[in-house]
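The exercises below ask you to find residues in a structure and describe their surroundings. Each task is followed by a solution in steps.

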Amino acid sequence: MITLPHSVRFAHPETGPVVEVDHQVGSARIHLHGAHLTSWRPCGLGEQLWMSSASEFGPGAAIRGGVPICFPWFAMGPGDWEPQHGFARRVRWRLLGARQSRDEVTVVLALDERDLAADTPGRDRWPYRFGLEFEVTLTATDLRMSLLVTNTGDEDLPVSGALHTYLAIGDITATRIEGLDDLTCFDKVSGTALAPTEEPELAITAQTDRVYVHPDGAAHQVTVRGQHSTLRVRNESSHTVLWNPWQDKAEAMGDFPDDGWRDMVCLEAALPMEASGDWPVRLQPGAEHAVVQQLRVGSDDRRARIRPGS
Ligand code: BG6
């Protein structure tokens with residue numbers, strides 16, 4: 001029996017069991033299905049995560065929006081592996097615990113091989129023993145998400161994946177992204193590698209699906225200036241993925257509103273497969289690896305929030 005602090009509780013809406021956080025620093029909602037964060041509202045500010053109004057929530061489905069956890073592989077893995085982005089976002093996780101202080105609240109969910117059914121799609125491709133912990137911490141300014149994988153088996157564990165965050169940015173045409181200009185990337189739309197640009201600000205004006213390489217595999221920070229707010233996104237991962245399906249692709253997706261591309265962008269902390277097709281991480285027995293993403297609301301938004309009379 002888990003004892004929850006008073007800011008954390010279980011709820012059972014039609015969309016399945018959720019962990020709800022309501023603390024003085026902000027609120028959040030995490031579905032046990034996929035350990036999927038579907039809402040983050042820092043206190044006094046609006047919703048920061050984009051959710052599809054057409055999302056599915058049923059067993060085996062991938063929730064569209066929020067923060068899907070892609071694991072144990074990103075995209076189609078080392079070949080045309082189904083399901084896309086692995087199985088972790090399609091199965092039910094367990095709540096491991098939660099803790100709070102005056103300044104922050106943390107929720108931890110877990111998944112291991114005992115939580116999977118024998119016929120979990122993709123499990124036959126990746127039959128290993130593993131431990132996953134997804135730790136979500138809210139402060140007055142930050143959302144910190146850490147996906148920690150541990151090799152609990154006795155053979156090497158190949159790992160890929162991502163925290164596939166959908167940001168609610170208001171108007172995509174008014175949105176600018178800073179901090180990607182000095183990185184090389186692979187552009188999945190054109191199928192070509194792109195060199196760094198001289199443009200410090202990136203505007204999204206068409207279907208965008210880019211995998212940016214972090215220099216030396218180190219953490220990288222970008223700034224997303226949306227229509228009404230600014231978010232700093234720090235990815236402790238080897239790559240940052242930028243995705244917006246734009247009109248035609250959005251219309252072709254059954255779980256995506258036709259005009260949903262207008263007010264979202266995905267900024268993903270990713271560990272994609274190597275260009276050679278090799279796994280980016282191989283953990284020896286007992287070893288662990290974390291992918292971390294931290295979102296921080298901009299100081300301008302803070303000032304707007306505390307302006308007298310606002
Ligand atoms: C991105 C990929 O990470 O996820 C895109 O780079 C993909 O190619 C997108 O289309 C959405 O994937 P899915 O499986 O959630 O539709």
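Predicted model: local features only at pLDDT ≥ 70, side-chain atom pairs only at ≥ 80, totals over all residues.

## Exercise 1: Cis peptide bonds

Task: Work out which residue is joined to Pro-72 by a cis peptide bond, and which to Pro-83.

Solution. 

Step 1. Phe-71 is joined to Pro-72 by a cis peptide bond with omega of about 5°. Pro-72 is placed in the loop between strand 5 and strand 6.

Step 2. The bond from Glu-82 to Pro-83 is cis, with omega near -5°. Pro-83 is likewise placed in the loop between strand 5 and strand 6.

## Exercise 2: The annotated active site

Task: Which residues carry the UniProt feature "active site", and why can they be said to gather at one spot?

Solution. 

Step 1. An unreviewed UniProt entry places the feature "active site" at His-164 and Glu-268.

Step 2. These residues span 105 residues in sequence, but no two of their C-alpha atoms are more than 4.5 Å apart, so they gather at one spot. Both His-164 and Glu-268 are in the lining of the second largest pocket.

Step 3. Locate each residue. His-164 is part of strand 11 (residues 161–168), and Glu-268 is part of strand 20 (residues 264–271).

Step 4. Check the accessibility. His-164 is buried, at 6% relative accessible area. Glu-268 is buried too, at 1%.

Step 5. Look for a link between the side chains. Glu-268 and His-164 are joined by a polar side-chain contact of 3.4 Å.

Step 6. His-164 is in contact with residues including Cys-70, His-85 and Trp-243. Glu-268 has contacts that include Phe-74, Asn-235, Thr-240 and Trp-243.

## Exercise 3: The annotated binding site

Task: Where does UniProt place the feature "binding site", and where do Arg-64 and Arg-89 lie?

Solution. 

Step 1. The unreviewed UniProt entry gives "binding site" at Arg-64, Gln-84 and Arg-89. They span 26 residues in sequence, yet no two of their C-alpha atoms are more than 13.1 Å apart, so they gather at one spot. The lining of the second largest pocket includes Arg-64, Gln-84 and Arg-89.

Step 2. Arg-64 lies in the loop between strand 4 (36–42) and strand 5 (69–70). Arg-64 is buried at 15% relative accessibility.

Step 3. Arg-89 lies in the loop between strand 5 and strand 6 (94–100). Arg-89 is buried, with a relative accessible area of 8%. Among the residues that Arg-89 touches, not counting those up to four places away in sequence, are His-33, Pro-68 and Gln-84.

## Exercise 4: The ligand

Task: Which residues surround the ligand, and how much of its area does the protein bury?

Solution. 

Step 1. The residues around the ligand include Arg-64, Gln-84, Arg-89, His-164, Lys-249 and Glu-268.

Step 2. List the polar distances to an oxygen atom of the ligand.

- Arg-64: 3.0 Å from an N or O atom in its side chain.
- Gln-84: 2.8 Å from a polar side-chain atom.
- Lys-249: 3.3 Å from a polar side-chain atom.

Step 3. Taken alone, the ligand exposes 390 Å², and the protein buries 90% of that.

How values were computed. Residues numbered from 1 in each chain as written. Heavy atoms only, no water. UniProt positions renumbered as here; feature names shortened; annotations may be inferred. 1 Å grid on protein atoms, 1.4 Å probe; cavity = no way out; pocket = protein on both sides within 12 Å on 5 of 7 lines; lining within 4 Å. Helix = DSSP H or I, 4+ residues; strand = E, 2+ residues; numbered from the N terminus. Buried < 20%, exposed > 50% of the residue type's maximum accessible area, 1.4 Å probe, protein only. Contact = heavy atoms within 4.5 Å. Polar contact = N/O pair within 3.5 Å; in protein donor to acceptor, adjacent residues only side chain to side chain. Near = heavy atom within 4 Å. Areas by Shrake-Rupley, 256 points an atom, 1.4 Å probe, with all protein chains shown as cover.
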